[in-house]
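Okay, thanks for coming, everyone. Let me put the model up on the screen, and then I'll talk you through a few parts of it.

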Amino acid sequence: MTKYFGTDGFRGEAGEDLTAPHAFAIGRFLGYYFGREGRACRVVIGKDTRRSSYMFESALSAGLTASGADAHLLHVTTTPCVSYITRTEGFDCGIMISASHNPYYDNGIKLFNAAGEKMEDAVIEKIEAYLDGDIPEVPFAHREHIGRTVDYIQGRRRYIAYLTSLAIRSFKGKRIGLDCANGSTWQTAKNVFDALGAETFVIGNHPDGTNINAGFGSTCMGCMQKFVLENQLDAGFSFDGDGDRCLAVDEKGNLITGDHILYLYARYMKERGKLENNTVVTTVMANLGLFRAFDELDIHCEITAVGDRYVYECMRDGGHLLGGEQSGHIIFSKYATTGDGVLTAIKVMQVMLSRNQTLSELAAPMRVFPQVLKNVVVADKEQGMADAGVLAAVAEVEKRLGNAGRVLLRPSGTEPLLRVMVEAGTVEECHACADLVVDALNQVIANNANHELNKV
């Protein structure tokens, strides 16, 4: 278990949990580590639209150049752009400054290796040891060995051109909504869809540094659902703050989750004989309806822990081409090593156009089981997961649901939360079962509070 870095980078409230000195130190160590063989390393940096992203960009750049590395700045761009540029343009490391779907006052530092994959745990552990002072101070570069900061906006342009090249059909005649969450895709998404001929209708494209994810994007789908209906659009696509997620809305205003997208694209691939290994990779959070729909199509599922890095690692190790999460992280491993929201939207459009079907028609065969997800803030996630009363509540729900549903208790990888997910035949049953587990967790919290009071 790492101290600072979770499943998706070092994340926390900017200026509190994650500070400019943290970023400077990370830059210092990365510049030293990747340049330790006597050559200046090259690192590419992207950021989202949060006000604090500029502070962290400067701190990381200062740390990198102080250690002799060259920092190439993509400026505001998406996480998948950083991954793509890192792996295709010979960088030693990629850094994305973003807290994804979190509110604006949070931020994060995501690291990619030279292959554009999430950084190896072995390197993360060294960075954390350096942050804690367990590794000696690394040397400063001197004279001509001090690194440079390079404006690298052309990398962002090349990424946009790459996305555009992946579409196999024109989008002309299609009315498409795009919700950019006031985040990283606020220019990229429209540029791509305009280039492909769509008539685009865009919301969430006025970032001001404090409105990222605020009432827009993939965490607020009601906004796009209303927008699609009001403007009579063929489909709508909503992205998160850093652009690695995509959820959709069909022409009737229905929500299309990551599970729906996996279903319709896997079916499309299988029909064309393109589904390598006849396998899709997803997580334990996937809807029960997805698993049953894949059973009907005779498609095998590999199931991982929650987190797109785990999905990708399973895909890479098994040679699978399609995987993702219900939340909208969809990975097309032929084209990317991480979730890519705009690429996902392009691929959904490809199926619509190739099959000459509406999005509602493509998604209809997958029956979604009612699902409820409840979050409980806890001080100690491991204690909550192991508590006897909580485990008894989970067992009671499992017995109550039998084969007609399921319950899942898991810790968040990015926040101090335990998540309780229940699927059942009705929403009411989901809530009733989830509340049994939530009540048990709240009892743990109450017991801990009483214990602390008694100590005073």
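This is a predicted model: local features need pLDDT of at least 70, side-chain atom pairs count only at pLDDT 80 or more; totals for chains, interfaces and linings use all residues.

Residues are numbered from 1 along each chain as its sequence is written, and side-chain values use heavy atoms, with hydrogens and water left out. When I say helix or strand, I mean a DSSP run, H or I over at least four residues for helices and E over at least two for strands, numbered from the N terminus.

So, sheet one. Seven strands make an open sheet, ordered E1-E2-E6-E5-E3-E4-E7, with mixed pairing; two strands pair if DSSP finds at least two bridges between them. At the edges, pairing on one side only, sit E1 (5-6) and E7 (149-151). Strands E2 (residues 9-13) and E6 (residues 106-112) run antiparallel and are joined by four bridges. Within that pair, Gly12 has Asn107 of E6 as its bridge partner. Helix H2 (residues 51-66) lies across E3, E4, E5, E6 and E7, at about 175° to E3. For angles like that, axes are lines fitted to C-alpha atoms, for helices over the stretch in contact, and the angle runs from 0 to 180 degrees between N-to-C directions.

Now the helix pair. How do H1 and H4 cross? Their axes come within 10 Å, at roughly 125°. H1 and H4 are therefore oblique, as angles under 35 degrees count as roughly parallel, over 145 as roughly antiparallel, 65 to 115 as roughly perpendicular and the rest as oblique. Contact means heavy atoms within 4.5 Å, and the residues making it include Phe29 and Tyr33 of H1 and Ile127 and Tyr130 of H4.

On to the other sheet. Here three strands form an open sheet in the order E17-E19-E18, with antiparallel pairing. The edge strands are E17 (371-377) and E18 (406-411). Seven bridges link E17 with E19 (residues 417-423), and Asn375 stands opposite Arg419 in E19. Packed on this sheet is helix H14 (residues 388-401), which touches E18 and E19.

Last stop, H10 (residues 308-318). Which of its residues are buried, meaning under 20% relative accessible area with a 1.4 Å probe and protein chains only? They are Asp308, Arg309, Val311, Tyr312, Cys314 and Met315. Their cover includes helix H4 and strands E13, E14, E15 and E16.

Methods:
Buried means under 20% relative accessible area, exposed over 50%, partly exposed in between (1.4 Å probe, protein chains only).
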